[in-house]
Amino acid sequence: MRVDSPVSTLDLNANAARRGLAGRMVIASLLCLVLLAACQPEEEHSAELFVFGTIVEVKLWGATREQANQAFAEIQQMFQGMHRDWHAWEPGRLVDINQAFTNGQPAKADPDIVEMIRKSQSIEQRTEGRFNPAIGALVRLWGFHTSEYPIVGPPPKQAEIDAILLHNPSSRDIHIEGLQLSTDNPLVQLDFGGIAKGYAVDLAIRHLQKMGISNAIVNAGGDLRAVGRHGDRPWRVAVRKPGAGILGAVEIRDDESLFTSGNYERFRQDEQERYPHILDPRSGWPVEDVASVTVIAAEGILADAAATALVVAGLDNWPAVAGTLGLTQVLVVDESGTVYLTPEMEQRVEFSGDIEQVVVETPTDL
């Protein structure tokens with residue numbers, strides 16, 4: 001009969017040490033795998049943020065989970081600051097600036113607000129006043145400084161509108177010295193509703209690129225900018241249809257912005273008539289013959305402001321204004337649903353159904 005020799009304490013300790021070492025090695029290996037997984041690019045990360053009165057969707061492709069989480073947190077913080085500082089009627093930096101203008105006093109601004117004013121001055125001049133963010137007093141008079149729609153009640157009296165137009169408020173009335181703003185026109189009241197989303201999307205994309213993220217889309221309720229690709233294909237986005245649904249789809253090429261301005265969501269309603277929220281700065285009254293305008297441009301700030309200006313330009317004048325702004329990719333929908341579009345835009349949009357289309361040459365196409 002075989003008798004095994006007794007196991008010494010030293011052997012037990014050695015075995016325990018080996019088991020402990022093996023356990024630590026397993027834990028370390030698992031930790032390495034977790035860290036490696038966190039650092040490996042995954043196909044897509046997305047987040048939804050509520051800001052500017054809409055859902056902003058941010059999608060990243062090819063970023064690590066750590067990069068994505070950091071990016072979403074930083075963009076959320078950026079957007080919250082923008083919403084606070086750029087708001088036309090809630091307490092914040094822009095309200096303080098407008099109050100200073102009313103009082104005939106100078107005001108200090110952040111670099112972002114100064115940049116929006118400079119861009120606005122250029123676009124206002126090129127559109128002959130069809131885009132003008134200095135008409136906040138008119139927007140307030142119509143009751144459009146609200147998030148609750150529709151507004152019920154009659155329009156302002158013509159005398160009230162004329163009292164503001166008499167002062168001809170313009171962004172070009174604002175003097176900029178560094179970060180200090182001043183104006184001699186007390187009726188200048190800034191409202192960045194036609195340009196803020198575009199600039200916010202630009203800043204978000206710029207921030208993502210600085211983080212080393214080269215494939216991304218920032219979509220603020222259908223107004224967006226996209227860079228890079230969605231894996232092995234371009235980013236594919238929808239062109240909104242006035243009222244509800246989509247007109248079709250567009251594939252974004254490398255780095256482009258697509259913005260739509262429309263008269264179908266926000267309006268004032270009385271017993272006789274519906275008054276859309278987009279005002280013609282020259283008359284002080286809402287524009288009517290255009291339901292929506294979609295613009296593709298390199299920067300969101302231009303696409304956003306241009307879409308508003310082209311709604312104001314109307315069916316007769318939008319091609320000339322688009323040409324002045326150097327735009328070649330424009331789609332206009334009139335109140336009856338007919339689509340007018342430039343030749344370049346016709347090549348880009350894949351329509352979702354049978355839609356009456358009219359191709360229109362702009363001065364830049366000639």
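1. Trp142, Phe144, Tyr149, Tyr275 and Trp285 are joined into a cluster by ring pairs. Rings of Phe, Tyr and Trp (its six-membered ring) pair if their centres lie within 6.5 Å; planes under 30 degrees apart count as stacked, over 60 as edge-to-face and the rest as tilted.

2. The structure is a predicted model, in which local features need pLDDT of at least 70 and side-chain atom pairs count only at pLDDT 80 or more, while totals for chains, interfaces and linings use all residues. Residues are numbered from 1 along each chain as its sequence is written, and side-chain values use heavy atoms, with hydrogens and water left out.

3. Across the whole structure, 6 aromatic pairs are found. Tryptophan 142 and tyrosine 275 make a tilted aromatic pair, with 5.6 Å centre to centre and 50° between the planes. Tryptophan 142 lies in the loop between helix 5 (136–141) and strand 4 (151–152) and tyrosine 275 in strand 13 (residues 274–276), so the pair ties together parts that are 133 residues apart in sequence. Helices (H or I, at least four residues) and strands (E, at least two) are DSSP runs, numbered from the N terminus.

4. Tryptophan 142 is buried at 0% relative accessibility, and tyrosine 275 is buried at 8%. Buried means under 20% relative accessible area, exposed over 50%, and partly exposed in between (1.4 Å probe, protein chains only).

5. Asparagine 69 belongs to helix 2 (residues 65–86) and is partly exposed, at 48% relative accessible area. The C-alpha atoms of asparagine 69 and alanine 47 are 9.1 Å apart in space, and the two residues are 22 residues apart in sequence.
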